[in-house]
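Have the sequence and the 3D view open as you read, and pick out each part as it comes up.

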Amino acid sequence: MTLGALRLPLGICAFILAAGAIYLARSVVAPVAFALFIIALVWPLQQRLQQRVPALLAMMVTLVLTILALALLGYVTIWGFSQAGRWLIANAGRFQAIYSETAAQLEEMGLYSAGMLADTFNASWLIGTFQGLAGRLNGMLGFGVVTLIFVMLGLLEVDIVRTKLVAEAGDTGRRLVRASAATAAKFRTYMMVRTVMSLLTGLFVWALSAAMGLDLALAFGVIAFALNYIPFIGPLVATLLPTFFALAQFGAWETAVAVFLAMNVIQFFSGSYIEPRVAGKALAISPFLVLFAVFFWAFMWGLSGAFIGVPLVIAALTFCEEGDGTRWIARLLSGREEPEVRS
């Protein structure tokens with residue numbers, strides 16, 4: 001076989017081996033990836049502070065502000081889910097009654113076994129799901145500590161690494177520095193867009209939930225705000241959660257369907273209409289690639305992977321744009337319409 005014929009199978013094998021290594025080393029690789037992501041976001045602040053105070057003091061101020069921002073986001077997320085969990089425990093009987101009634105109706109129609117439905121969907125299962133989610137949120141504390149240590153050390157070495165790349169690696173080093181700067185700028189744009197859209201989505205969900213008389217209107221708004229940072233998966237959960245709680249609160253399928261449709265209108269309007277216009281062409285990525293990135297990295301690293309999957313794709317495409325042999329990959333997966341080439 002020729003070398004050209006071997007490229008595809010060799011590339012597939014290399015991808016599988018790299019994915020396996022990243023999965024097995026996720027306890028180390030994931031914090032490093034998050035640390036680089038955070039460094040890219042906060043570096044402009046660090047750079048401005050270094051012009052006025054020593055680098056070590058600038059790093060400490062930047063790190064403290066980063067911790068405060070992450071702690072605030074984590075607090076509101078845990079608060080929202082804890083409010084929903086308390087309401088669920090207090091009203092577990094309502095969920096059980098709805099499931100039992102649904103199981104009986106399906107059994108009469110011969111579509112499903114009542115016993116199987118009761119074993120699969122019941123109040124205990126829902127409570128256990130919330131407890132498991134709370135456990136995962138608490139388990140992320142250790143992950144966050146390791147990540148912040150990498151951030152602290154990395155902030156002190158950005159200028160050093162950049163200088164060495166330019167001095168030692170020549171044109172290749174300059175390309176890496178240029179691609180890194182472009183990636184960091186796109187990361188900041190991505191997070192600005194997601195934060196603005198998360199705030200708007202949370203406000204809309206809160207207002208709609210309050211208007212429809214849901215007990216946990218503020219909690220649903222907070223949950224929608226926090227989960228909107230995770231594409232596809234987050235909005236789906238933020239839509240289904242108020243639907244199930246509305247069903248338990250009002251006991252009517254019609255109201256639950258109305259809540260579901262209204263939440264979907266909000267998610268569609270913010271995610272498919274406003275966000276693409278706010279982000280513009282800078283973050284244009286194929287929707288298929290975005291969906292693949294979310295689920296692939298969720299499989300690799302869990303909830304943290306679902307969050308950082310899209311930024312990793314943004315970084316990969318940006319670096320591909322810098323290489324003559326890989327620029328076609330960035331164009332293929334950019335989601336932008338390229339002008340037609342006329343012969």
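**A walk through the helices**

Helix H3 (residues 55-90) gives the most to the nonpolar patch, with seven residues. Before going further, a word on the ground rules: this is a predicted model, in which local features need pLDDT of at least 70, side-chain atom pairs count only at pLDDT 80 or more, and totals for chains, interfaces and linings use all residues. Residues are numbered from 1 along each chain as its sequence is written, and side-chain values use heavy atoms, with hydrogens and water left out.

Let's start with the overall build. The protein chain has 14 helices and zero strands. Helices here are DSSP runs of H or I with at least four residues, strands are runs of E with at least two, and the numbering starts from the N terminus. The chain has 343 residues, and buried ones make up 37% of them. Buried means under 20% relative accessible area, exposed means over 50%, and partly exposed is in between (1.4 Å probe, protein chains only).

UniProt, in an unreviewed entry, places the feature "transmembrane region" at residues 28-45, 57-78, 137-156, 196-223, 229-248, 255-274 and 294-319. Those positions are given in the numbering used here, feature names are shortened, and annotations may be inferred rather than shown by experiment. How much helix does the model have over residues 196-223? That stretch is 82% helix and 0% strand, and its end C-alpha atoms are 15 Å apart. Over residues 294-319, the chain is 96% helix and 0% strand, with the end C-alpha atoms 20 Å apart.

Now back to that patch. Leu45, Leu56, Leu57, Met60, Val61, Val64, Leu65, Leu68 and Leu156 make a nonpolar surface patch of about 750 Å². Patches are made of residues with over 30% relative accessible area and no salt bridge; like charges are joined within 9 Å, and nonpolar side chains (Val, Leu, Ile, Met, Phe, Trp, Tyr) within 5 Å. The accessible areas come from the Shrake-Rupley method with a 1.4 Å probe, and for residues only the protein chains shown count as cover. Val61 lies in helix H3 and is partly exposed, with a relative accessible area of 34%. Leu156 sits in the loop between helix H6 (123-155) and helix H7 (158-168), and counts as partly exposed at 34% relative accessibility. Leu156 and Leu56 are 100 residues apart along the chain, yet their C-alpha atoms are separated by 7.3 Å.

Next, the aromatic rings. A search of the whole structure finds 13 aromatic pairs. Rings of Phe, Tyr and Trp (its six-membered ring) pair if their centres lie within 6.5 Å; planes under 30 degrees apart count as stacked, over 60 as edge-to-face and the rest as tilted. Phe37 and Phe187 have ring centres 5.0 Å apart and planes at 70°, so this pair is edge-to-face. The pair links distant parts of the chain, with Phe37 in helix H2 (residues 26-50) and Phe187 in helix H8 (residues 170-211), 150 residues apart. Both Phe37 and Phe187 are buried. Phe225 and Tyr229 also form an edge-to-face pair, at 5.8 Å centre to centre and 80° between the planes; Phe225 and Tyr229 are buried too.

Finally, the charges. Side chains of opposite charge can pair when their charged atoms come close. A salt bridge is a side-chain nitrogen of Lys or Arg within 4 Å of a carboxyl oxygen of Asp or Glu, and by this rule the count comes to four. One of them joins Asp159 and Arg162 at 2.4 Å, N to O. Both residues lie in helix H7, three residues apart, about one turn of the helix.

Another joins Arg178 and Glu322, whose closest N and O atoms are 3.2 Å apart. Here distant parts of the chain are linked: Arg178 is in helix H8 and Glu322 in helix H13 (residues 303-322), 144 residues apart. Glu321 and Lys186 form a salt bridge as well, with the closest N and O atoms 3.8 Å apart. Glu321 is in helix H13 and Lys186 in helix H8, 135 residues apart. Is Lys186 buried or exposed? At 17% relative accessibility, Lys186 counts as buried, whereas Glu321 is partly exposed at 29%.
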